[in-house]
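Colleague: Hi! I am new to this one and would like a close look at a single part. Could you pick one, walk me through it slowly, and then show me what lies around it?

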Amino acid sequence: DDGDDEDESEADDAGSVPEAIAIVLVVARGREELDAFLAGVFWAVLLGGLGVSLLAVLLIWRAVSLGLRPLDEVATQVQALDADSLTSRVEIAGPPPELEPIVGQLNALLARLEGSFEREKRFTGNVAHELRTPIAELRSLAEVGAAWPDDPESTRAFFQDVGSIAGRMEAVIDDLLLLARCHAGTEGLEQEPTDLRALVAERWAGLRERAAARGCTLRIEMPRELTIRTDAGKLGMVLVNLLGNAVSHGRSGVEIRCRVEGTGSRWCLVLSNPAERMTPAELDRLAEPFWRKDVSRSSAEHAGLGLSMVTALGNLLGLQIQFAQDEEGLFEATLSGGGLILERSAAPVGAVS
């Protein structure tokens with residue numbers, strides 16, 4: 001029996017599977033070389049990036065400096081300008097296309113400033129001239145009056161002349177003050193419905209005697225009733241100056257034509273008369289205070305402020321004003337503006353007075 005048990009035990013041991021054994025294999029290597037290599041790469045990339053960035057900054061700064069050099073030249077030249085050097089112009093050799101409009105506009109501005117300063121200088125001289133003459137006349141009359149103090153007739157004539165001269169001076173000063181208020185924007189307006197035809201006829205009535213002396217007549221061509229909203233007093237001053245200019249400086253013995261048209265809310269008045277030929281430069285100076293052609297310089301009736309008043313009052317009233325003359329000498333003054341509120345008769349009606 002024991003022998004049988006041992007055989008069975010050996011058979012059981014021969015058929016059993018041995019248990020699995022886990023084996024872990026660890027391989028280690030030092031990181032010193034790898035860490036050194038990675039650190040070298042890091043610093044190379046960092047320093048290379050900084051170098052490239054610095055180089056890019058320098059290149060950009062250089063490019064911007066070269067690009068802005070024309071602007072620096074413009075700034076230097078403009079800084080050197082003052083009221084005594086307005087005849088100078090900004091000049092740059094080969095400016096970039098982007099800068100050419102700026103240089104052009106700066107030079108145009110300098111030209112306008114130069115013209116304005118020249119007009120101011122002429123204005124100052126003309127004011128002195130206009131006031132010096134009547135003051136000299138007053139002093140002369142004072143000397144004459146002092147020489148014959150006991151002559152009643154001479155004294156009466158003396159005071160009449162003094163009053164006439166003082167009136168001329170007062171008129172010039174009043175016009176200058178009105179011009180100053182218009183330019184400063186402090187002159188008030190009183191808008192009201194105004195019959196334009198009646199206003200033209202009314203202002204012409206005050207000039208009819210002077211016009212008759214020169215053989216001039218006025219033809220009014222406009223709708224029978226054309227009403228606009230404006231300051232009648234100031235528009236009347238514009239009309240009387242234009243009509244007076246046509247009578248005094250136009251050709252004698254001619255018909256002055258005044259035609260008016262209205263469309264929608266706009267109206268346009270054109271006053272035309274034959275006149276002495278003027279050059280384009282003279283037309284540009286028509287509205288300059290105290291400017292007159294030499295042939296009328298000695299006239300005491302006109303101070304040369306009429307068309308200046310027309311321009312200043314026209315701007316205050318919101319009117320567009322143009323002066324032109326054709327090849328045959330026909331001078332035209334055109335006023336156009338808004339505020340048309342009634343046009344009862346569309347067909348123009350002509351009348352001569």
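Modeller: Happy to! Let me start with the cysteines: a search of the whole structure finds zero disulfides, a disulfide being a pair of cysteine sulfur atoms within 2.5 Å. Cys216 counts as buried because its relative accessibility is 5%, while Cys268, at 27%, counts as partly exposed. Here buried means under 20% relative accessible area and exposed over 50%, with partly exposed in between (1.4 Å probe, protein chains only).

A word on how to read all this: the model is predicted, so local features need pLDDT of at least 70 and side-chain atom pairs count only at pLDDT 80 or more, whereas totals for chains, interfaces and linings use all residues. Residues are numbered from 1 along each chain as its sequence is written, and side-chain values use heavy atoms, leaving out hydrogens and water.

For the overall setting, the protein chain has nine helices and nine strands. These are DSSP runs numbered from the N terminus (helices are H or I, at least four residues; strands are E, at least two). Of its 353 residues, 29% count as buried. Among contacts between residues at least 6 apart in sequence, 73% join residues at least 24 apart, where contact means heavy atoms within 4.5 Å.

The part I have picked is strand E7 and its partners. Strands pair if DSSP finds at least two bridges between them. E7, residues 330-338, pairs with strand E6, residues 320-325, in the antiparallel sense over six bridges. Within that pairing, Ala324 stands opposite Glu332, and Gln325 has Phe331 as its bridge partner. E6 and E7 make a hairpin with four residues between the strands, where Gly329 takes a positive phi near 95°.

E7 also runs antiparallel to strand E5, residues 266-274, and nine bridges join the two. On this side Asn273 stands opposite Phe331, and Leu269 has Leu335 in E7 as its bridge partner. E5 in turn is joined by seven bridges to strand E4, residues 255-263, again antiparallel. There, Cys258 has Leu271 in E5 as its bridge partner. E4 and E5 form a hairpin with two residues between them, and Gly264 in the turn has a positive phi of about 65°.

Now zoom in on one residue, Leu330, which sits in E7. With a relative accessible area of 30%, Leu330 is partly exposed. Leaving aside neighbours within four places in sequence, Leu330 is in contact with Ser272, Asn273, Pro274, Ala324 and Gln325. Leu330 and Arg277 are 53 residues apart in sequence but 8.3 Å apart in space, C-alpha to C-alpha.

Beyond the strands, let us turn to helices. Two packed helices are described by the angle between their axes and the distance between the axes. Helix H3 (residues 100-147) and helix H4 (residues 152-184) pack at about 165°, with axes 9 Å apart; axes are lines fitted to C-alpha atoms, for helices over the stretch in contact, and angles run from 0 to 180 degrees between N-to-C directions. H3 and H4 are therefore roughly antiparallel, since angles under 35 degrees count as roughly parallel, over 145 as roughly antiparallel, 65 to 115 as roughly perpendicular and the rest as oblique. Their crossing is left-handed, that is, the near helix is turned anticlockwise from the far one by less than a right angle, while clockwise would be right-handed. The contact includes Phe123, Val127 and Leu131 of H3 and Phe158, Val162 and Ile165 of H4.

H4 also packs against helix H9 (residues 306-317) at about 35°, with axes 9 Å apart, in another left-handed crossing. Among the residues that meet there are Leu178 and Leu179 in H4 and Met309 and Leu313 in H9.
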